Amino acid sequence: MSATPMNQPVKGYKNPNLPVNERIEDLIGKMTLEEKVGQMNQFVGVEHIKTNSAVMTADELKNNTANAFYPGFTEKDIEKWTKDGKIGSFLHVLTLEEANYLQRLAMESRLQIPIIFGIDAIHGNANAPDNTVYPTNIGLACSFDTTMAYTIARQTAKEMRAMNMHWTFNPNVEVARDPRWGRVGETFGEDPYLVTLMGVQSVKGYQGELNGKEDVLACIKHFVGGSQPINGTNGAPTDISERTLREVFFPPFEAGVDAGAMSLMTAHNELNGIPCHSNEWLMTDVLRGEWDFKGFVVSDWMDIEHIHDLHATAENLKEAFYQSIEAGMDMHMHGIHWNEYVCELVREGRIPESRIDESVRRILDIKFRLGLFENPYADPNETMNIRLCPEHRNTALEAARNGIVLLKNEGGLLPLSKNQYKKILVTGINADDMNILGDWSAPQKRENYTTVLDGLKQTAPEIAFDFVDQGWDPRNMDPAKVEEAANKAKDADLNIVVAGEYMMRFRWADRTCGEDTDRSDIDLVGLQNELIEKVAASGKPTLLVLINGRPLGVEWAAENLPAIIEAWEPGMYGGQAISEVIFGDVNPSAKLAVTIPRSVGQTQMIYNHKPSMYFHPYVVKPSTPLYPFGFGLSYTTFGYENLTLDKKQIKPDESLTVSVNVTNTGKREGTEIVQLYIRDKFSCVTRPVKELKDFARVTLQPGESKMIEFTITPDKLSFYDKKMNKIVEKGDFEVMIGSSSDDQDLQKEIFTVI
Ligand code: BGC
């Protein structure tokens, strides 16, 4: 199918042989103001509206915008607006059929400008059914495997294009610094360096050359600071110094821009008193002025509206639109008033049409580059050859295996020998539920995911697994079921409790973790602790497996159980991967990309804190984390020797090489994630006690050694001085290499910048 009938000559902007710039200029010259402003507006799809109207009351339909309903505006209106060329983009379109349908309507419009479809493809295009579901970003980050991040993004791009989706609202490159916040799972954790590398590879994987039929537009989000909300809740105010912004929160965004990310989403929150959606400093001075961003900025859900109705820095909606555009906004997610008010603002002379043209050029640029004018549709006959194909499924399985963190393994309980245990009790809310897919996932067909119970049965068919179902809902666990598990534990040889959080979006109000699902504690919800304690009271070895999108302070389990596995949100093959780890078919290798605090009272608990953080430690309870950043066990052991620097002194513009010998000192093959941290010993402004500056994944046979080399370049030593200039300061630096951020796991050496 083509946008231009065969018998019509292809000319002007429709001519694919013209340079994109010429096509844009030709098209923009033909567009009315209404059509331009329409390109800057996004809507939710008609099916989304229909689904909501089926479940909402008449009153809710009239007043509620949270579920994306446009009061007084029907799906017929949406269809008409599309045909009239007044809508540039849709989101929450979940099927190929609907995407093609809406695109056909756009092809009936005067200028036939194709729609760009955006979707939250956060870990695969999981928000739509029948796609490969990879682990969420936090698990991916724990693998420290940046190549995997690239591969997943690449495969996701192909699956998206196969269903006519062109733009993912990922990667989320926020640096997560609060475990109460429900969105930790969609981030790459707490370390700016790791987040940066993961984000960059994701951007590259999604976008490819940003010109083919297999490429999609990436969106780095949310700019900025929402991952350190003052009370832990999503969208709450953030108050962050410019120093911390530049040291911690900006680097992944700047690197994303450098990697070619061509869209960026602003954050729900206000930053130091100014809503991010009307923040000129962020959107214009920093993003375009300092970083030379050439793509377009999209608002987040109803957040331009919130400049008026929540932050109250605009007296009405029209003023909110004005402030946002003036600050640098290019596209509005989502709603019906935009077109009318923005056109008025231009006609009144408050916004010059040239400003509108700037945004429209940026949006059209992407549509041309992605080839949407030539290929506005996806082929329904081809789609399932790409989605869920064996190659993508293998990647999902491999990524799940590599993202599972073994937190505790006392007495070498794991891996379980298949001969030793005849009867195993399996219980817990996450033992047999599709919640294993994680946040940002629609329900998937039963055959498209494995639960832990499925995985155990598959991996060890010779063992009898006794399953006590605790339901999926942590808030409504049945005490009788807890008792039943406690009793059955006495007859079992070993117990596996699969606990954690509940993330499935289709039961939005019942979730305990995920977007808009923040908590005032980080304990296990409901009767889960009671279940663990009662099962463990059987005296039989008890293994805890956690499925969750935020750190959980499982202090009792850490002190009393022999083994704990943190699986995060491992995706469609999560159950299989976890079982392979339990029985030793897979040797775990992942390391924590985020600190696990003991309790919420320890917030903010991060490994790269400032020196005075624990000068006066907490009384009564410890000031140490439950598990530190970078920590994770293996079924083998690794030794570190001969930390060597090629120079003890360097000039500020010089690099040095540091090497270390890593040996597999255990009995089986294993992968170690070798971590390099740096501390500036004395500096003109306070600096973190350590910062991750490099890492390597190395696979070693038993007894095998490898020399791992890292180059410390000036940018790894630089920081912002008192006047916010980036410098490398003279003096001593400590370089630390080892298996986690914990001092006792690190070898240390000093070098001097002279
Ligand atoms: C989230 C964004 C997301 C958007 C569209 C918002 O509520 O904050 O991350 O991309 O919804 O689904």
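Predicted model: local features only at pLDDT ≥ 70, side-chain atom pairs only at ≥ 80, totals over all residues.
Residues are numbered from 1 along each chain as its sequence is written, and side-chain values use heavy atoms, with hydrogens and water left out. Local features need pLDDT of at least 70 and side-chain atom pairs count only at pLDDT 80 or more, while totals for chains, interfaces and linings use all residues.

**View 1. The domains and their contact.** The assignment, whose bounds come from an automatic or database source, lists domain 1 (12-59 + 66-385), domain 2 (404-614) and domain 3 (638-753). Between the C-alpha centres of domain 1 and domain 3 there are 38 Å. Their contact (heavy atoms within 4.5 Å) involves 13 residues from domain 1 and 13 residues from domain 3.

**View 2. The buried area.** Domain 1 and domain 3 bury about 1,100 Å² between them, with 61% given by carbon and sulfur atoms; this is the accessible area (1.4 Å probe) lost when the two parts are put together, summed over both. On the domain 1 side, look for Phe 144, Tyr 193 and Arg 243, which lose the most area to domain 3 and together make up 55% of what that side buries.

**View 3. Salt bridges across the interface.** Here the rule (a side-chain nitrogen of Lys or Arg within 4 Å of a carboxyl oxygen of Asp or Glu) finds two salt bridges between domain 1 and domain 3. Arg 697 pairs with Asp 145 in a salt bridge, with 4.0 Å between the closest N and O atoms.
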